[in-house]
Amino acid sequence: MLLLKSDTILVVFQDEKHFYFLSQSFEKGEQVLQLFKSNKDGKTMDVIAKAPIHSKKVQLRIDAVGEYYDFYYATNSKDWILLKNKIDAKYLSTQEAGGF
């Protein structure tokens with residue numbers, strides 16, 4: 001698992017191999033917001049969206065819209081910025097991830 005130094009995170013979690021991870025972190029010395037998708041090996045993640053941010057305070061939000069998730073962030077309480085939309089929520093379903 002990739003370990004990040006971060007003050008702000010939000011996770012949508014089914015199990016160790018099926019999750020989305022939204023994090024304020026640093027890349028090449030720059031502050032960024034990164035959206036990761038877990039890989040089915042349970043050990044790695046892929047960055048599926050990122051954006052530079054220029055604020056120490058960041059708010060994160062995930063909206064469930066039908067069979068999709070939309071990921072947003074804000075540097076104030078009013079102006080939400082779309083990071084990535086239409087992320088497949090089925091990836092976290094028991095049908096995809098397995099269940100009981």
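**Close-up views of a predicted model**

A search of the whole structure finds 3 salt bridges. The structure is a predicted model, and the legends below describe selected parts of it.

**Figure 1. Overview of the protein.** The protein contains 1 helix and 7 strands. From the N terminus on, these elements follow the order β-β-β-β-β-β-β-α. Of the 100 residues in the protein, 37% are buried. The accessible surface comes to about 6,600 Å², and 51% of this surface belongs to carbon and sulfur atoms. Among contacts with a separation of 6 or more, 32% are made by residues 24 or more positions apart.

**Figure 2. A salt bridge joins Lys-50 and Glu-27.** Side chains of opposite charge can pair when their charged atoms come close. Here the side chains of Lys-50 and Glu-27 meet, with an N to O distance of 2.7 Å. Lys-50 belongs to strand β4 and Glu-27 to strand β2, so this pair ties together parts that are 23 residues apart in sequence. Lys-50 has a relative accessible area of 47% and is therefore partly exposed. Glu-27 is also partly exposed, because its relative accessible area is 28%.

**Figure 3. A salt bridge joins Arg-61 and Asp-63.** The closest N and O atoms of Arg-61 and Asp-63 are 3.0 Å apart. Arg-61 counts as partly exposed, at 26% relative accessibility. Asp-63 counts as partly exposed too, at 24% relative accessibility.

**Figure 4. A salt bridge joins Lys-90 and Glu-67.** In this view, the side chains of Lys-90 and Glu-67 meet at 3.8 Å, N to O. Lys-90 lies in the loop between β7 and α1 (94-97), while Glu-67 lies in the loop between β5 (59-65) and β6, so the pair ties together parts that are 23 residues apart in sequence. Lys-90 is partly exposed, with 45% relative accessibility. Glu-67 is partly exposed as well, with a relative accessible area of 39%.

**Figure 5. The largest nonpolar core of the protein.** This core has 18 residues, and those with the most contacts inside it are Tyr-20, Leu-35, Tyr-69, Tyr-73 and Leu-83. At least two residues of the core are supplied by each of the strands β2, β3 (30-38), β4 (45-52), β6 (68-74) and β7 (81-88). Strand β6 gives the largest share, 3 residues.

**Figure 6. The surroundings of Leu-35.** Leu-35 is one of the residues with the most contacts inside the largest nonpolar core. When its neighbours within four places in sequence are left aside, Leu-35 is in contact with residues that include Tyr-20, Phe-21 and Leu-22. Asp-46, Val-47, Ile-48 and Ala-49 are also among the contacts of Leu-35. Further contacts of Leu-35 include Phe-71, Leu-83, Lys-84 and Ile-87.

Figure 7. Gln-24 is placed in strand β2 (residues 18-27). At 6% relative accessibility, Gln-24 counts as buried, because buried means under 20% relative accessible area. The side chain of Gln-24 makes a polar contact of 3.1 Å with the side chain of Gln-31. Ser-55 is found in the loop between β4 and β5. Apart from its neighbours within four places in sequence, Ser-55 is in contact with Gln-24, Gln-31 and Thr-75. A polar atom of the Ser-55 side chain also lies 3.0 Å from the backbone oxygen of Lys-57.

**Figure 8. A nonpolar patch on the surface.** Ile-9, Val-11 and Phe-13 form this patch, and together they have about 280 Å² of accessible area. Ile-9 lies in strand β1 (residues 9-15). With a relative accessible area of 49%, Ile-9 is partly exposed.

**Figure 9. Two lysines with a positive phi.** Most residues other than glycine have a negative phi. Lys-28 is not a glycine, yet its phi is positive, at about 55°. Lys-28 is found in the loop between β2 and β3, and its relative accessible area of 82% makes it exposed. Lys-86 likewise has a positive phi, near 55°. Lys-86 is placed in strand β7, and at 58% relative accessibility Lys-86 counts as exposed, because exposed means over 50%.

Key
Residues numbered from 1 in each chain as written. Predicted model: local features only at pLDDT ≥ 70, side-chain atom pairs only at ≥ 80, totals over all residues. Heavy atoms only, no water. Helix = DSSP H or I, 4+ residues; strand = E, 2+ residues; numbered from the N terminus. Buried < 20%, exposed > 50% of the residue type's maximum accessible area, 1.4 Å probe, protein only. Polar contact = N/O pair within 3.5 Å; in protein donor to acceptor, adjacent residues only side chain to side chain. Core = buried A, V, L, I, M, F, W, Y, C linked by side-chain atoms within 4.5 Å. Contact = heavy atoms within 4.5 Å. Patch = residues over 30% accessible without salt bridge, like charges linked within 9 Å, V, L, I, M, F, W, Y side chains within 5 Å. Areas by Shrake-Rupley, 256 points an atom, 1.4 Å probe, with all protein chains shown as cover. Salt bridge = Lys/Arg side-chain N within 4 Å of Asp/Glu carboxyl O.
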